[in-house]
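Hello,

Here is the structure I promised to pass on to you. Have a look at it first, and then read my notes below.

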Amino acid sequence: MKKILITGGAGFIGSHVVRRFVTQYPETTIVNLDALTYAGNLNNLTDIEDAANYTFVKGDITDSTFVNQLFKEHHFDGVVHLAAESHVDRSITDPVSFVMTNVIGTVNLLNSFKELWKADFTNKRFYHVSTDEVYGTLGETGLFKETTSYDPNSPYSASKASSDHFVRAYGETYGLPYVISNCSNNYGPHHFPEKLIPLFINNIIHNKPLPVYGDGNYTRDWLYVIDHAIAIDLAFHKAENAATYNIGGFNEWKNIDLVKLLCKMMDEKLGRDAGTSEKLITYVTDRPGHDLRYAIDASKINQELGWKPTVTFEQGLEKTIDWYLNNDEWLEQVTSGAYQDYYKKQYE
Ligand code: NAD
Ligand code: TYD
């Protein structure tokens with residue numbers, strides 16, 4: 001049986017990737033390694049936790065002794081690396097934890113894989129999940145291509161850029177087989193309510209203000225999380241060694257337009273009068289170093305691997321809203337305790 005390590009599998013995107021691999025590849029053992037930080041939640045995986053080909057290991061990728069031991073024990077054939085600190089606002093208040101997990105953690109994994117595989121790299125793969133934020137910001141026009149220069153602006157994107165460079169460097173220096181993908185903003189079920197869409201869904205449910213940064217004229221390219229998981233599956237299995245792919249939704253929205261659409265859809269779902277939720281919009285102090293616009297040219301993965309999104313934004317958003325409305329226990333569980341302190345510090 002093949003054995004694949006997925007790191008960060010209890011988080012938002014990681015849980016969708018774990019679910020996809022566990023269900024698509026019953027002949028492959030999937031080991032989910034996650035430290036269960038505030039963003040990690042095993043309740044994201046209750047539907048597959050008893051699968052015969054699934055194992056969970058709690059552990060921290062910044063601990064090189066632990067990581068080495070895990071690799072010696074399991075002899076993985078491949079890794080899909082998603083574990084990271086992932087929220088830009090948190091990186092502004094605590095950059096060092098981003099360096100630790102995103103840079104040091106990634107290098108620890110690379111070292112262990114190099115040691116484990118150095119005798120024979122055949123059929124091995126280190127798949128690194130990264131972000132379009134490494135490219136910095138676009139002006140009003142243009143798209144990020146795989147060849148766009150890295151130009152990160154936030155501590156988060158700087159740490160992800162650094163980790164991408166280390167992966168590539170291990171490929172060049174030691175011959176480690178790798179693939180990197182850089183994806184645009186994801187949304188969907190199990191998204192921790194600190195990022196724009198789940199935060200605003202939660203606030204609309206509870207009639208709380210919707211804190212729009214600056215003038216709201218920032219643009220993001222949104223992709224439904226399951227379409228990202230499908231792209232990772234495809235590229236993990238089919239990409240050439242050392243390939244990089246940009247993954248995006250062909251779906252640009254200015255924040256303020258997205259928020260207004262969300263308000264309209266939520267009013268309909270909650271049976272509120274049209275315009276009720278829009279009244280919650282509150283313009284607040286802008287994020288420092290706020291990138292104006294991200295937009296992905298995903299034509300390479302489309303042409304080479306035949307990937308494209310399977311749902312429209314309206315379909316994906318409706319699925320997402322329905323999921324949050326049907327999973328109030330999940331939402332309550334993740335917004336109790338430490339979340340309240342985070343919210344106060346960030347928004348009050
Ligand atoms: P997330 O914050 O929801 O989940 C991160 C997971 O990593 C959590 O389960 C957490 O417990 C785990 N983790 C954190 N530190 C760890 C450590 N030191 N050791 C082991 N596990 C640790 O993040 P996400 O949004 O699911 O993002 C997953 C990956 O995808 C990240 O690498 C992120 O940079 C990348 N990405 C995210 C987006 C997006 O829109 N969310 C877009 C493109 C790329
Ligand atoms: P976010 O979901 O944090 O993703 P990223 O910063 O990685 O793109 O933010 C998406 C956009 O929404 C970004 O332009 C910042 C903005 N935003 C707000 O206006 N208010 C908020 O409370 C948050 C969290 C984000």
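Strand 6 (residues 178-183) and strand 10 pair in the parallel sense over four bridges. Within that pairing, Ser181 has Tyr245 of strand 10 as its bridge partner. Please keep in mind that this is a predicted model.

The two strands belong to an open sheet of seven strands, paired in parallel and ordered 3-2-1-4-5-6-10. Its edges are strand 3 (54-58) and strand 10 (244-247), each of which pairs on one side only. On average, neighbouring strands of the sheet are turned by 20° against each other, direction ignored. Helix 7 (residues 225-238) packs on the sheet, where it touches strand 1 (2-7), strand 4 (78-81), strand 5 (125-131), strand 6 and strand 10. The direction of helix 7 makes about 150° with that of strand 5.

Now to ligand 1. Around it there are 30 residues, and Ile13, Asp34, Ser86, Tyr156 and Lys160 come nearest. Several backbone atoms take part: an N or O atom of Ile13 lies 2.8 Å from an oxygen atom of ligand 1, and one of Leu82 lies 3.0 Å from an oxygen atom of the ligand. A polar backbone atom of Ile61 is 3.0 Å from a nitrogen atom of ligand 1. Taken alone, ligand 1 exposes 840 Å², and the protein buries 96% of that. Helix 1 (12-24), strand 5, helix 5 (155-174) and strand 7 (185-187) each supply at least two residues of the shell. By class, this shell divides into 13 nonpolar, 13 polar and four charged residues.

And what surrounds ligand 2? There are 20 residues, the closest being Glu133, Arg220, Arg287, His290 and Tyr347. A polar side-chain atom of Glu133 lies 2.5 Å from an oxygen atom of ligand 2. The side chain of Asn185 has an N or O atom 2.9 Å from an oxygen atom of the ligand, while for Leu196 it is a backbone N or O atom that lies 2.9 Å from an oxygen atom of ligand 2. On its own ligand 2 exposes 500 Å², of which the protein buries 98%. Helix 3 (88-93), helix 6 (196-205) and strand 8 (210-213) are the elements that give two or more residues to the shell around ligand 2. That shell has ten nonpolar, four polar and six charged residues.

Methods: Residues numbered from 1 in each chain as written. Chains lettered and ligands numbered in written order. Predicted model: local features only at pLDDT ≥ 70, side-chain atom pairs only at ≥ 80, totals over all residues. Heavy atoms only, no water. Pairing = 2+ DSSP bridges. Axes fitted to C-alpha atoms, helices over the stretch in contact; angles between N-to-C directions. Contact = heavy atoms within 4.5 Å. Near = heavy atom within 4 Å. Polar contact = N/O pair within 3.5 Å; in protein donor to acceptor, adjacent residues only side chain to side chain. Areas by Shrake-Rupley, 256 points an atom, 1.4 Å probe, with all protein chains shown as cover. Nonpolar A, V, L, I, M, F, W, Y, C, P; charged D, E, K, R; others polar.
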